[in-house]
Amino acid sequence: MAKKIFSGVQPSGNLHLGNYLGAIKNFVNLQNEENNECVYCVVDLHAITVKQDPNELKDSIRETTAAFLASGLDYKKSIIFNQSSVAAHSEVSWILSCTARMGWLNRMTQFKEKAGKDKEKASVGLYIYPILMAADILLYDSTHVPVGEDQKQHLELCRDIAQKFNIEFNCQNFLVAPEPLIQKSFSRIMSLKDGTKKMSKSDPSDLSRINLNDSKDTIINKIKKAKTDDKTLPSDKKNLNERPEVENLLGIYSSLSDQNLESTVNEFSGKNFSEFKKKLSELVVEKISPISVEINKLYKDKEFIDKILNDGAEKANKIASKKVSELKKIVGF
Ligand code: AMP
Ligand code: TRP
């Protein structure tokens with residue numbers, strides 16, 4: 001069945017292997033399934049929930065767009081645009097913030113993590129960020145949303161908002177409650193330095209992640225320095241959860257080679273890490289280096305990227321402005 005797909009990625013710093021394996025790779029597969037209508041958004045309004053340098057934001061938007069294209073998204077098949085260029089996102093976010101409940105937002109674990117100890121100092125935007133995310137999704141009647149595991153709770157909130165709005169305004173099925181699409185395996189890629197922490201843009205150590213625009217030598221060096229232990233590679237996956245760094249590296253290898261964890265474990269059973277890391281480096285370089293070369297090439301052509309974003313915004317605006325005017329009528333404006 002044809003699906004309406006929506007997803008977003010923040011333009012804050014470099015995209016990394018976690019973004020690629022947890023989300024973007026899936027965006028490309030969905031785009032290439034027949035009949036799907038896909039909308040992929042560079043969510044710049046979400047990015048400013050934490051401080052951004054205004055001199056760098058525009059280039060970060062272009063860089064994320066370049067990463068989308070370099071990973072295989074095709075602007076002829078999918079709508080690719082940046083969120084702030086379609087006003088309906090902010091407008092609907094406000095209306096839906098009158099439907100969402102404080103109690104629902106208070107449960108969001110990502111806010112707790114991102115706000116840290118001093119919640120009083122977090123921006124209000126960071127707190128209500130999941131409502132903007134719901135607006136993104138609901139504006140396009142999206143049926144499926146490919147995301148990493150960490151966004152599951154926000155998707156549940158989006159469904160709650162849709163259902164409450166439909167009941168409150170007596171407009172059954174007007175807002176479509178979306179299904180999350182979360183990869184069954186390897187949905188969380190972990191830090192190369194600490195297997196219990198997510199690979200993340202915000203980790204101060206660059207050695208903790210592989211960026212999509214890392215050079216070949218950087219990739220090899222980061223894998224060489226990735227944390228392991230002094231045992232050999234396991235012969236079965238049973239006790240791997242006690243060795244989170246090893247499990248993560250085996251997972252990355254499996255995901256990039258499109259095979260299951262068992263096959264990877266069998267392939268390297270009893271081998272030492274230097275041999276495994278050499279193979280892993282070769283594979284990461286083979287899969288990521290072409291993307292990196294392409295990002296760096298596209299990124300230099302600012303006019304081309306800006307044209308893609310403008311064209312995408314025009315298409316997105318057509319869909320979104322229709323939905324927003326229906327929604328305003330329902331609310332009574
Ligand atoms: P963000 O960079 O936070 O905007 O995330 C963009 C997408 O990448 C979202 O769908 C996230 O769930 C996904 N993602 C981010 N970090 C990881 C990770 N370490 N492993 C898997 N997916 C991730
Ligand atoms: N909040 C998501 C993240 O940080 C990004 C995002 C914004 C998103 N709007 C979205 C993802 C809509 C899916 C659908 O990763």
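Let's start with a helix pair. Helix H10 (residues 244-256) packs against helix H12 (residues 273-300) at an angle of about 40°, and their axes lie 10 Å apart. This is a predicted model, where local features need pLDDT of at least 70, side-chain atom pairs count only at pLDDT 80 or more, and totals for chains, interfaces and linings use all residues. Residues are numbered from 1 along each chain as its sequence is written, chains are lettered from A and ligands numbered from 1 in the order in which they are written, and side-chain values use heavy atoms, with hydrogens and water left out.

Some terms. Helices (H or I, at least four residues) and strands (E, at least two) are DSSP runs, numbered from the N terminus. Axes are lines fitted to C-alpha atoms, for helices over the stretch in contact, and angles run from 0 to 180 degrees between N-to-C directions.

Back to the pair. H10 and H12 are therefore oblique to each other; under 35 degrees counts as roughly parallel, over 145 as roughly antiparallel, 65 to 115 as roughly perpendicular, and the rest as oblique. The crossing of H10 past H12 is left-handed (near helix turned anticlockwise from the far one by less than a right angle; clockwise is right-handed). Who makes the contact (heavy atoms within 4.5 Å)? From H10, Val246, Leu249, Leu250, Ile252, Tyr253 and Leu256. From H12, residues including Phe273, Phe276, Leu280 and Leu283. By class, that is eleven nonpolar, no polar and two charged residues. Here Ala, Val, Leu, Ile, Met, Phe, Trp, Tyr, Cys and Pro count as nonpolar, Asp, Glu, Lys and Arg as charged, and the others, Gly among them, as polar.

Next, helix H9 (residues 216-225). Its axis comes within 9 Å of that of H12, crossing at roughly 145°. This crossing is right-handed. Ile219, Ile220 and Ile223 are among the H9 residues that meet H12, where Leu280, Val284 and Ile288 are among the partners. The classes here are seven nonpolar, two polar and four charged.

On a 1 Å grid over the protein atoms alone, a cavity is a set of points where a 1.4 Å probe fits but cannot get out; a pocket is an open set with protein on both sides within 12 Å along at least five of seven lines; lining residues have an atom within 4 Å of a point.

The whole structure holds two cavities of 30 Å³ or more. Helix H3 (residues 54-71) gives the most to its lining, four residues.

The largest pocket has a volume of about 1,300 Å³. It has 44 lining residues, and Gln110, Lys114, Asp150, Gln151 and Lys198 lie nearest its centre. H7 supplies the largest share, five residues.

How values were computed:
Contact = heavy atoms within 4.5 Å. Points joined across faces, edges and corners; volume = space filled by probe spheres on them.
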